[in-house]
Amino acid sequence: MAPVLSIANLRVSFPRMEAVRGVSLTLRGGETHCLVGESGCGKSISALSVMNLLPRSAVRSADHIRFHEHDLLAMSERQMAWLRGDKIAMIFQEPMTSLNPAYTIGSQMAEVLERHRRASRRQALDRAAELLARVGITAPGMRLAQYPHQLSGGLRQRMMIATALMCDPEVLIADEPTTALDVTVQSQVLRLLRKLQQEMGLALLLITHDFGIVARMAEHVSVMYAGEVVESGPVEQIIKAPTHPYTRGLLNCIPVPGMTKPGEPLGSIPGGVPHIGRGFLGCGFRERCPMAARECAEPVHLHDAGEDHFYRCRLPPDWKLDASP
Amino acid sequence: MHLVFYLSTMLSFIFRRLWLSALVCLTVLVISFMLTHLSGDLAASIAGPNATAADIAIITKNYGLDRPLVVQFFDWAGHVAEGDLGRSYLFHVPVSGLIRERLPVTLALGLTGLIIAMLIALPLGIIAAMREGSAIDRGIMLIALLGQAVPGFWLGLLLIVLFGLNLQWLPISGIDTWKGYIMPGFVLAFSAIPALMRLTRSGMIEALCADYIRTARAKGLSTTTIVLKHALRNAAMPVVSITAVQLGFMLGGSVVTESVFAVPGVGYLAWESITKNDFPVVQAVVLFLAVIYIALALLADMMNALLDPRLRI
C-alpha cells in the first residue's frame with residue numbers, strides 16, 4: 001500500500017525544551033500504526049503537528065509532512081482547516097472536556113458535515129444518527145438531542161469517534177482514546193475502533209502508552225522516547241525480537257501472551273524521562289540504559305534490524321545483557 | 001418528549017428563582033422603610049427649617065408618625081402592595097403617577113446606554129482575547145483603564161462643551177429629539193464598558209484555551225464559527241450577569257447623568273426629591289430601582305440557563 005501520510009524529520013521545540021527531535025514515520029492506507037511511549041515523549045505533539053494544532057508557543061519544522069502528494073507544511077491555516085475533519089480526523093483523550101458543554105450532540109456532529117459537504121441540518125443529523133448507531137449507541141435519535149453532560153464517558157468517546165467519521169476520512173488520529181475510560185469500557189472502545197478501521201479502510205494513527213493495546217490493535221509500531229523514534233517496525237516482529245534497550249524494557253513491563261512465563265515478576269525501568277534542552281546530543285535513554293557506554297553521548301544513527309524494522313542504538317540487533325558483572 | 005422535559009425543568013427553575021426574588025423584594029421593602037425613618041425626624045424635615053414645635057407636632061399627628069414603627073411599616077407596605085406609593089409632598093400628586101410618567105425616559109436612556117456599551121465592549125473584548133498579549137490587546141486594555149478612571153459627570157460636561165457648544169452637533173440638554181439621547185447614553189455606556197470588556201476578554205481567553213476548542217479546530221471549522229459559536233457562548237455567561245448588573249447601575253446612575261443633561265427621567269426625579277425632602281418620592285424611587293435590580297438579576301439567571309444546559313436541572 002502506498003503511504004497516505006508520511007512525516008520526515010519532524011522537529012518541534014518549545015521555548016524551554018525540544019519536544020520532538022527528528023521524527024519520521026509513514027502511515028499506509030488501511031493500516032493501524034501505533035505510536036507508543038511514556039508520557040512526555042512527544043507522541044501527542046507529533047500528532048498535533050500533523051494537524052497543525054500545536055500550541056502557539058511551539059515551533060514546528062520538518063523536511064516534509066505529506067498527505068498523499070500534498071505537503072501539509074506548505075498549506076495555509078485556511079487550507080489546513082478544509083482538510084481537518086474531512087480527510088484527516090482526530091479524536092482526543094478526554095471525552096469529558098473535548099466536547100462543548102453548551103451544544104447538543106446532534107449540533108456538534110452535524111456541523112462537521114455542514115462545513116465540509118455543505119449538507120443541510122436535516123441531512124447532517126441523519127448521517128449523525130446513522131453513525132451513532134454504527135458505533136453502538138442505542139436510540140441515536142434521542143442522543144442527538146442530549147448534551148454532553150448527560151452521557152457517560154464511554155458514550156462520549158463513541159460519539160467523538162462517530163463525529164470524526166462524519167466525512168469518511170482517510171486518516172484517523174486517535175490520541176490515547178481509551179486512557180480516560182474504565183477498563184471494561186476501554187476494551188469495548190478498542191474493539192469498536194479496530195472494527196471501524198477495518199470496515200472503512202481507515203489509516204489509523206493510534207497513540208498509546210500501553211504495549212498491550214499495540215499488540216491488540218496495530219500492524220506497525222513506532223516506539224518513541226525523549227522526542228525520538230527509537231524503534232519502528234511490524235508489531236509481530238518487534239514483540240518477538242525487540243532490539244532497542246528501551247523497547248525491551250517496555251515489553252518487560254507488561255505480560256505478553258506466549259512470551260511471559262507464569263510466576264515471573266514483571267520488570268520496570270528505573271528513573272524518569274530526561275529533560276531535553278537545546279543542544280542535547282546522543283541517546284536520550286542512556287541515563288536509564290543498562291548497556292550505556294561512553295559513545296552513547298554521541299549522535300546515534302538508525303540501523304536495520306530486518307525488513308521494515310529500524311532501531312536507533314549503537315548495539316547490534318542481537319545484543320544480550322551480560323548477566324555476570 | 002424532549003420538549004416536555006425541557007419545558008418542565010425550565011419552569012421549575014423559573015419558579016425557584018421567582019420565589020427567591022420575592023424574598024429579596026420583601027427585604028428591600030423593610031430596608032428602604034428603615035433607612036428613611038432612621039435618617040432623622042421626618043416631621044421636622046417635612047416642616048422645614050422655619051417651623052415651630054407646634055407645626056411639627058401637627059405634621060407628626062397628620063402623617064401618623066407618632067404611631068409605633070411596626071404599625072407604620074405595615075400600613076406603608078400594605079399600601080405599596082396595592083400599588084399606592086403615597087403622595088408627593090412637593091407635587092401633591094400620587095408618587096406612582098410621577099414614576100410612571102418618567103419611567104419610559106429612563107428606560108430608553110438605559111437601553112441606549114446598554115446598546116452602545118455592548119456594541120463597543122463585546123467586539124473589543126473578543127479581539128483583545130484573540131490577540132492576547134499583543135500590542136492591540138494592550139491598547140484595548142489601556143482604553144479600559146482610562147474608562148474606569150474618568151468620572152461620568154465630568155465626561156458629560158466635556159461632551160457638552162465639545163459636541164454641544166463648539167461643534168453644535170447635538171443638543172446640550174433635554175430629549176426633544178432622539179439626538180438628545182446620544183450624549184447621555186454614551187456617558188452611561190462609558191461607565192459600563194470597562195467591566196464588560198474585561199469580562200468578555202477574560203472569558204474568551206479561558207474559553208479559547210479549552211479542549212473543546214481544539215476539538216472544533218480538529219473538525220476543520222472556520223475561525224468565525226470557532227470564536228463566535230464555540231467560544232463566545234461559553235464566555236457569555238459571566239458577561240450576561242455583569243451586563244444585567246451594569247444595566248442596573250446605569251438606571252441607578254442615571255441620577256447623575258440625567259441631572260447633568262436635564263433629562264426628565266426617574267433619576268432626575270430622585271435628585272429633585274432628595275434636594276427638596278420629598279420623602280415618599282425618595283422612598284418609592286429607591287424601592288423601584290431595587291425591584292429593577294432584582295428583575296434584571298432574575299433575567300440574567302434565566303438567560304444563563306438558556307446558555308448553559310447544565311444549569312437547568
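This report describes the domain interface, the chain interface and selected local contacts of a predicted model.

## Basis of the model

Residues are numbered from 1 along each chain as its sequence is written, and chains are lettered from A and ligands numbered from 1 in the order in which they are written. In this predicted model, local features need pLDDT of at least 70, side-chain atom pairs count only at pLDDT 80 or more, and totals for chains, interfaces and linings use all residues, while side-chain values use heavy atoms, with hydrogens and water left out.

## Domains of chain B

Chain B is assigned domain 1 (14-84) and domain 2 (104-311), the bounds coming from an automatic or database domain assignment. The C-alpha centres of these domains of chain B are 33 Å apart. In contact terms (heavy atoms within 4.5 Å), 18 residues of domain 1 of chain B meet eleven residues of domain 2 of chain B. The two domains of chain B bury about 1200 Å² between them, and carbon and sulfur atoms give 79% of that area; buried area is the accessible area (1.4 Å probe) that two parts lose on being put together, summed over both. On the side of domain 1 of chain B, the greatest losses of area to domain 2 of chain B fall on Arg17(B), Val28(B) and Thr36(B), which together make up 31% of what that side buries.

One salt bridge is found across this interface of domain 1 and domain 2 of chain B, a salt bridge being a side-chain nitrogen of Lys or Arg within 4 Å of a carboxyl oxygen of Asp or Glu. Arg17(B) forms a salt bridge with Asp301(B), with the closest N and O atoms 2.9 Å apart. Helix 1 (2-38), helix 2 (42-47) and helix 4 (69-81) of chain B are the elements that give two or more residues to the side of domain 1 of chain B that touches domain 2 of chain B. Helices (H or I, at least four residues) and strands (E, at least two) are DSSP runs, numbered from the N terminus. Helix 1 of chain B gives the most to that side, with twelve residues.

## Interface of chains A and B

Between the chains, 23 residues of chain B are in contact with 33 residues of chain A. The buried area of chain B and chain A is about 2400 Å², 51% of it on carbon and sulfur atoms. In chain B, Arg214(B), Arg217(B) and Lys219(B) lose the most area to chain A, together 25% of what that side buries.

Three salt bridges are counted between chain B and chain A. Glu111(A) forms a salt bridge with Lys229(B), where the closest N and O atoms are 2.9 Å apart. Helix 1, helix 9 (211-218) and helix 10 (223-260) of chain B each supply at least two residues of the side of chain B that touches chain A, and helix 9 of chain B provides the largest share, six residues.

Over all chains, ten aromatic pairs are counted. Rings of Phe, Tyr and Trp (its six-membered ring) pair if their centres lie within 6.5 Å; planes under 30 degrees apart count as stacked, over 60 as edge-to-face and the rest as tilted. Tyr246(A) and Phe285(A) form an edge-to-face pair, 5.1 Å centre to centre with 65 degrees between the planes. Tyr246(A) lies in helix 10 (residues 245-252) of chain A and Phe285(A) in the loop between helix 10 and strand 12 (302-306) of chain A, so the pair ties together parts that are 39 residues apart in sequence.

Gln186(A) is found in helix 7 (residues 183-200) of chain A. Its neighbours within four places in sequence left aside, Gln186(A) is in contact with Thr178(A), Thr179(A) and Leu181(A).
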